[in-house]
Amino acid sequence: MPAATAFRGPKRKCCEMMTLTFPLSRIEGHARVVVDVRDGIVQSAKFQATEFRGFEYLVKGAPAGQMPVIVPRICGVCSTAHHVASVKALEDAYGITPPPLALTIRELLMLGQLLQNQATSLFIFTMPDRLGVDSIFDVNETELDGDALAGMAARALQVRQAGTHLITLAGGQFIHPVKAVVGGVTGGISAEAAAAMRSELADALLVACALFDAYWGYSLALSARLGTWGDDAPACYLTAVSGTRPNYYGDFLRLMGCEGGDVCAQFPACEYRVFLTVEEAEYSYAAQTSFQGHVLRANSLARANLVDSLGTPCANEYLQRFHREFGQPAHAILLYDLARGIELVYAIERAMEILAGPLEGAETRIPYTPRDGEGYGLVEAPRGPLIHHYRIENSLIAQAEFVIPTVHNVLAIERALRVAAERYITPDRANLELERAVGRVVRAFDPCIACATQH
Amino acid sequence: MKRFAVLQLSGCAGCEVALLNAEAWVAQYKLVYMPLVVSAEDVPEVDVLLISGGVRTDEDLYKLRRAVKNAQQVVAVGTCAISGGVANLGDRDEVRALFLAERDRPHVPRLLSKSHPVDAFVAVDLYVPGCPPTAELFMAVLTNPRDFQASKVVCQECGRQKLKDVKPAHLLGFQQGEVLPDVCLINQGYLCVGSSTRGGCRAPCPRAGHPCVGCRGPSDVFIEKESDVWFKSIKRVFASMTDAPESEIEQGLRSPQLAMFLFQFSDYAGGDRLPRPKEKVL
């Protein structure tokens, strides 16, 4: 497809300013991109969060024990991650460690979150960009070719639903789950329920791999058409997983420096301020994070760069292919989407492994005595490391802080948008492909605006 | 084929995500506007407009007023669209100071003084409470709401057994302690309000061992009445089923996680509007 020529600006005069505003869809929440151009030269590309959630204010004074029910309402897409981060923060404050079975069930919860999110992002948010349609639900009506596309919407929803069913099984309900409680989880999973879930996941795995193969192919075609995978300068990467068989339940944060190679810093959640600088922006309700003046990146590509092997057969094969074809670390923007597909497969395979073991019969929660103090809860959410930090006085939340993965990506999103804008805007015209490029860049980072606007 | 749209105001997108699990509409409806999954500029003419989220910014209000003009039927889904939702929690002075500080910011939509329910500005034909409503409830909205069969209260859908002779001396709150399977959570000392919360969700939370926090709002008996009437009824349930001191029950029920939901029908617009008729609530 030849690049469309959008418009020629009026005859240029001295200091001619032009502001291009791009509303965004197929992302979670309300945001837009604003590009300022002067005399055909891109001046700035801004990512504006245009809604405000403000949970750091809303939860002040709430009984600390109710946080695991209140904070999932930060975001319906990421509610599981907030639910688990919240119980972890309280357990840190109370100085207790849940029993092993509870930790296993919480890992399942996080895998369900990962599966549900990556399926949504991959098939509902970004697949339409590869197919040139407005929505996945339009695919059947297009003239596009054959078998790979037949019933795509239904198959995509089938994979996604396996994730929601997994969260329901491990969390009670799939949006705003309830089963993780301070000290553990409310109960185990029966062998019968686990077997049924495994069989549903086995079906979903086949469908997910077929859809992902098609997606990989469409992505190759897209990059061939564009002549780029969305190249951008190297960045630093931030994630709470690494090594083999990554556990999204989270333990430490890890930073990979701009030069790649080994982890350059590893630290617990309570030390995040030593490494990360969070600043407000007057043009957006979302803040921005940096690391010693460098642009940071979180989310799927950070994990693909820091994880060497996934330890499950299909996912690992995809990851090795990814490392082989694009290098480790890889920096191109559209690779975020491919990395998401690898994790989709991993989430299914790893959940099946866990569900094959016993998930009942052992202790699922321990007694505890609440106390005042401070606690941090870290998980690797689909969008990156998420930290809940509570200060508790008289059993009430005196202060809450939500350190949100999307916020870590804001500067990286803006830098990538600027690269795209400079590619498609020349002194005498702006190419319409820019509008599509803006959508692709933002969706590659899969930002979540409901999460990103808490203070 | 009928057409429907989903307008998301300030909320968490949980309602939209729940709708995606109700995929059976794909065969019956064309989804023409839903920014989460469809790229479309504006709400076109539709048979059904689902609205989620509260009205919290001037942009929300603008979009809402534009969208309803093109809709045959307007449905408010979820706690936020019905009452403004979780955004109205918190210390009022803090939130007011925040609102004043953010009021004149350039470039971003201006905050309103609170998160308003949708029907503070436009007429609503149907209310679907739930945080979020289940996929089954969404399907009922899109097929025939009148055919939807549900128990009056969550309690009847929960399947746990009430024991007459077990009366806890103290309340455990929401989370602490072991949960016995199959036994009523109130018998075990939990602050479950499923006994008078509207049915239709099939009780996923109490079934999973967590007390009902009332997200579906009150049952038909209380839905047109002041919140205090529902509140007193819940207190009576705990007075008869537990031996916990009255002050403990009173304190337990004054919880933010219940407050998000208990008042969504009665105190929704400052108390100066008529209650919503129960016929309009699914």
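## A tour of chains A and B

Start by selecting A:Asp446: with 27 C-beta neighbours inside 10 Å, this residue counts as buried. Keep in mind as you click around that you're looking at a predicted model. Now check the backbone here: phi of A:Asp446 is positive, about 45 degrees, even though the residue is not a glycine.

Next, go to A:Gln292. Here's another positive phi in a residue other than glycine, near 45 degrees. The loop in question runs between strand S12 (288–291) and strand S13 (294–297) of chain A. Is A:Gln292 buried or exposed? It has 12 other C-beta atoms within 10 Å, so it is exposed; the cut-off for that class is 12 or fewer.

Time for some prolines. Select A:Gln328 and A:Pro329 and look at the bond joining them: it is cis, with omega near 5 degrees. A:Pro329 sits in the loop that links helix H9 (313–326) to helix H10 (335–355) of chain A. Then hop over to chain B, where B:Cys131 and B:Pro132 are also joined by a cis peptide bond, with omega about -10 degrees. To place B:Pro132, look in the loop between strand S7 (126–128) and helix H5 (135–142) of chain B.

Back in chain A, bring up strands S2, S3 and S4. They make an open sheet of three strands, in the order S2-S3-S4, with antiparallel pairing. Strands S2 (17–23) and S4 (41–49) are at the edges with a single partner strand each, so one side of each has no neighbour in the sheet. On average, neighbouring strands here are turned by 15 degrees against each other, direction ignored.

Zoom in on S3 (residues 31–38) and S4 of chain A: eight bridges join this antiparallel pair. For a landmark, pick A:Val37, which stands opposite A:Val42 in S4.

Last stop: the contact between the chains. Chain B brings 49 residues and chain A brings 51. On the chain B side, color helices H1 (14–20), H4 (92–102), H7 (204–207) and H11 (256–262), the elements that give two or more residues. The largest share, five residues, comes from H1 of chain B. Color that side by class and you get 30 nonpolar, 13 polar and six charged residues.

Notes:
Residues numbered from 1 in each chain as written. Chains lettered and ligands numbered in written order. Predicted model: local features only at pLDDT ≥ 70, side-chain atom pairs only at ≥ 80, totals over all residues. Pairing = 2+ DSSP bridges. Helix = DSSP H or I, 4+ residues; strand = E, 2+ residues; numbered from the N terminus. Axes fitted to C-alpha atoms, helices over the stretch in contact; angles between N-to-C directions. Contact = placed C-beta atoms within 7 Å. Nonpolar A, V, L, I, M, F, W, Y, C, P; charged D, E, K, R; others polar. Buried ≥ 20, exposed ≤ 12 C-beta atoms within 10 Å, placed from the backbone.
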